[in-house]
Amino acid sequence: MAMVLSRSGQANGTGDQNTLFLKQFAGETLSVFEEANVMMGLHTVRSISSGKSAQFPATKTATAHYHTPGESLITDQDAASADYLSNIKHNEIVVTINDLLTSSCFVSNLDEAKNHYDVRAEYTRQMGFALAIEADKTLINYGVVGARATTDRFGGTDYLGSKIDIAASAAPTGAELVAGIVDAAQKLDENDVPENDRFCVMTPANYYKMIEENKDAINRDYGNDGNGSLASGVVLSVAGIRIFKSNHLPTADYTPPAGDLGSVSGSQAFDGTNTEPQALVFHRSALATVKLLDLAVETDYLVERQGTIMVAKYAMGHEILRNEALVSLEAG
């Protein structure tokens, strides 16, 4: 005769004997992996305490001419029929603060009481990453648009960025990517861009092509000097340009959202006639961000809704400062 057991884990004495037992909380939450912000540390950032915008003065270079003895520097001209006195052009780049960017969520009291782990810390962290990603996307898109611009900040064509075609195929090889970065370094040199603080952002696929398909970048026989390895999967620099990877290089036409009040809009945005950028090479001075309200999180308990609203926010503006310090590497 079978023994009658009292199973404390069963519901009403039937079914799975483990139903009523508590689940052990592992102490970890499995959230979506955070995407790293790349651009915020690689360009010019200024904070302001008030105002709607910040001004960056721009000054063009002076000219020089050989002097003929006895001639006046004010009234006479040299043999080339050019004035001795320089006509130094001035302009300004105004970085306008965008509308307030927010990421928010609502946590019900009842749900929070039922839950056996804290969700608020994870929610606020994810909202912060969402805002950081938006800044990354905007800055990279602005950089590519600035490299393709046809008019510089003085209304001329003396200080334009560059678009370099590195391959006929839309999928460049590792060797073509390395060669493209070297060509970009040459272009920056020709534009008198300082050699320090040069960066390159490319897709993860292209980044690992340089490691897998072109090992010269990490080969010690070519003077690697600690520039990464196949084991670590890292390439630190090519031609003095530090290499970073990002998932936010544009793959389609870029239309800034309505709250983005920068200069990149309409005809200056991607128009579908350009090839897809494979990498963006730039100097720290190429792009600017002005912060009015830095990243902050607010929470408020709403009695009538019996829960807590959480809001992450910032107010910043982004702009192109120096087109000549931007190079877009493209293929296809």
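Predicted model: local features only at pLDDT ≥ 70, side-chain atom pairs only at ≥ 80, totals over all residues.

I started with burial: 39% of the 332 residues in the chain are buried.

Next I checked the surface. The accessible area of the chain is about 18900 Å², and carbon and sulfur atoms hold 51% of that.

Then I looked up secondary structure and contacts. I got four helices and 12 strands. Of the contacts with a separation of 6 or more, 76% are between residues 24 or more positions apart.

On to the second largest pocket. Its space comes to about 280 Å³. It has 16 lining residues, and Leu101, Glu134, Thr138, Pro257 and Asp260 are the closest to the centre. Which elements supply at least two residues of that lining each? I found α2 (120-148) and β11 (307-320). The largest share is from α2, with five residues. By type, I noted seven nonpolar, five polar and four charged residues in the lining.

Thr138 sits in helix α2, the element that gives the pocket lining its largest share. Is Thr138 buried or exposed? Its relative accessible area is 12%, so Thr138 falls under the 20% cut-off and counts as buried.

Asp260 was already on my list, as one of the residues closest to the pocket centre.

Terms used
Residues numbered from 1 in each chain as written. Heavy atoms only, no water. 1 Å grid on protein atoms, 1.4 Å probe; cavity = no way out; pocket = protein on both sides within 12 Å on 5 of 7 lines; lining within 4 Å. Points joined across faces, edges and corners; volume = space filled by probe spheres on them. Nonpolar A, V, L, I, M, F, W, Y, C, P; charged D, E, K, R; others polar. Buried < 20%, exposed > 50% of the residue type's maximum accessible area, 1.4 Å probe, protein only. Contact = heavy atoms within 4.5 Å. Areas by Shrake-Rupley, 256 points an atom, 1.4 Å probe, with all protein chains shown as cover.
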